[in-house]
Amino acid sequence: MTFVGAAMSAGLGFLFSVLVARALGTAGAGVVLQTMAVFTMTLSFAKLGLDTTAVWLLPRLVGEDRASVRPAVLVMLAGALAGGVLALCIWQVVAATALADATEVVEALDVAMWLLPAASVMTVALAATRAFGGVLPYNLIGNITVPALRPLGLALVVALSGGAVGVALSWSLSWLIGAVAALFVLARQLGRHTERSGWRPRQGKVRQISSYAVPRTFAAGLEQAMVWLDVVLVGVLLGAAEAGVYGSAARFVSAGVIVATALRIVVAPRFSALLAKKRIDAVDELYSVTAQWILLFGAPIYVLLAFYAPTVLGWLGPGFDDGAAAMAVLCVGSIVVLAAGNVQALLLMSGRSSWGAFNKLVVVVVNVVGNLILLPRVGIIGAAAMWAACMALDTALAAYQVRRTVGIAVFGPTLLRVAVAVVACTVVPAGVLAWLAGQNAASFLTAVLLSGLLLLAYARHDRARLHLDQLLKPGRNDHVDDV
């Protein structure tokens with residue numbers, strides 16, 4: 001279910017991007033994508049790091065102090081709501097003063113930001129449902145229902161002759177529906193999986209939550225800045241049309257994180273529980289096996305997108321294929337990140353959220369300075385190069401810290417074997433086909449089919465060392481036991 005949910009989310013996000021591009025063109029898509037970027041970055045601060053806190057803390061409380069689960073959930077939901085309201089108020093002040101000359105992006109944000117509290121509550125509530133050991137609610141609500149509502153809303157806006165502001169409003173309304181559904185499911189889970197106790201938190205629990213959440217707040221905000229800030233900078237420095245081209249290319253690239261996202265949803269609570277018991281060997285094996293899966297099934301997506309960037313971006317309409325070179329650079333950077341597996345989740349679940357915050361601060365500063373230097377000189381390919389370099393830096397910092405503190409080596413010989421297989425099964429056939437047959441849909445689909453068959457053949461041949469039985473056995477997918 002986890003992989004299906006992640007694939008559905010990526011597919012629906014891709015569909016939304018295509019529809020926005022086809023309906024609004026480069027400039028209109030730039031307005032919507034910049035709105036999504038600012039909203040998402042603001043949300044990452046508004047939820048106050050409480051989603052990751054829930055995934056880290058609740059599995060430990062369920063095993064050690066069940067009476068504290070309900071109060072902890074209440075504290076985190078109240079904090080998420082308060083953070084969303086505070087962020088909304090700050091936006092209103094900023095928009096009324098510093099952004100008094102309203103552009104279309106500001107107008108779109110004015111309507112979208114009212115849904116920020118709902119988005120904050122939904123995110124934290126769904127994280128809490130994950131912490132109880134199941135991923136079905138998270139996938140049905142966060143990965144399927146909410147993303148599915150967005151193309152439907154966009155179609156309705158277009159049918160009513162609405163513009164970018166209407167699309168931004170329809171996109172943000174899905175958070176409210178998701179929040180209601182998430183709270184309903186969480187309430188039922190609390191009734192089934194926790195002791196019936198009071199809602200007043202015990203002394204020290206609020207401090208424990210805040211001590212983890214505060215640094216995580218800054219880290220999460222900086223993480224989203226790493227993903228979205230370059231889209232905003234492109235829009236400010238180069239214009240909405242360039243932001244539409246670059247943002248659309250970046251949205252395509254997000255498809256490659258399907259496997260990593262799906263496994264992070266499952267293994268993050270497991271990392272926390274195992275680390276609490278000091279079962280480092282089990283954590284090491286779980287990390288190593290899932291890192292191989294991420295590289296094996298995620299990297300080929302980026303390889304194909306890099307080789308066929310002009311074809312894929314051409315589907316969006318005229319002008320979008322100008323982002324082909326930038327998209328190829330983004331794909332290369334993403335493969336480097338995939339090679340480290342879920343190292344970020346491992347660092348956070350070890351309780352070192354402040355280290356993650358420091359890493360993100362360093363990386364965002366480098367990213368902003370680099371973009372200010374490169375964007376005016378080389379355009380969007382400069383933004384792509386800076387993003388790739390910064391993601392590699394963030395990954396290297398986390399890998400070093402995990403090695404020093406947890407004692408787990410991130411890059412091992414097993415990953416080298418998988419990397420060689422990816423090159424042989426995808427880089428070679430995709431490169432040859434793109435060179436011989438050129439950029440067209442038939443060549444792309446042939447490359448996808450041939451690469452897929454070669455990867456399946458390799459996976460079958462090496463299934464024992466890859467531990468693929470853990471993925472294939474019924475009932476094991478959503479638990480990923482100690483491998």
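Which helix holds Val432? Val432 sits in helix α17, residues 413–437, where a helix is a DSSP run (H or I) of at least four residues, numbered from the N terminus. The model is predicted, so local features need pLDDT of at least 70 and side-chain atom pairs count only at pLDDT 80 or more, while totals for chains, interfaces and linings use all residues. Residues are numbered from 1 along each chain as its sequence is written, and side-chain values use heavy atoms, without hydrogens or water.

Val432 counts as partly exposed because its relative accessibility is 38%; buried is under 20% relative accessible area, exposed is over 50%, and partly exposed lies in between (1.4 Å probe, protein chains only).

The largest nonpolar core has 155 residues, a core being a set of buried Ala, Val, Leu, Ile, Met, Phe, Trp, Tyr and Cys residues joined through side-chain atoms within 4.5 Å. Met349 is one of the residues with the most contacts inside this core, as is Phe271. Beyond its neighbours within four places in sequence, Met349 is in contact (heavy atoms within 4.5 Å) with residues including Trp56, Arg60, Tyr212 and Phe271.

Helix α5, residues 116–131, is mostly covered, with 16 of its 16 residues buried.

Pro147 belongs to helix α6, residues 136–159. Pro147 counts as buried because its relative accessibility is 8%. Setting aside residues up to four places away in sequence, Pro147 touches Ser9, Leu12, Ile141 and Gly142. Between Pro147 and Gly178, 31 residues apart in sequence, the C-alpha to C-alpha distance is 9.8 Å.

Notes: Helices (H or I, at least four residues) and strands (E, at least two) are DSSP runs, numbered from the N terminus.
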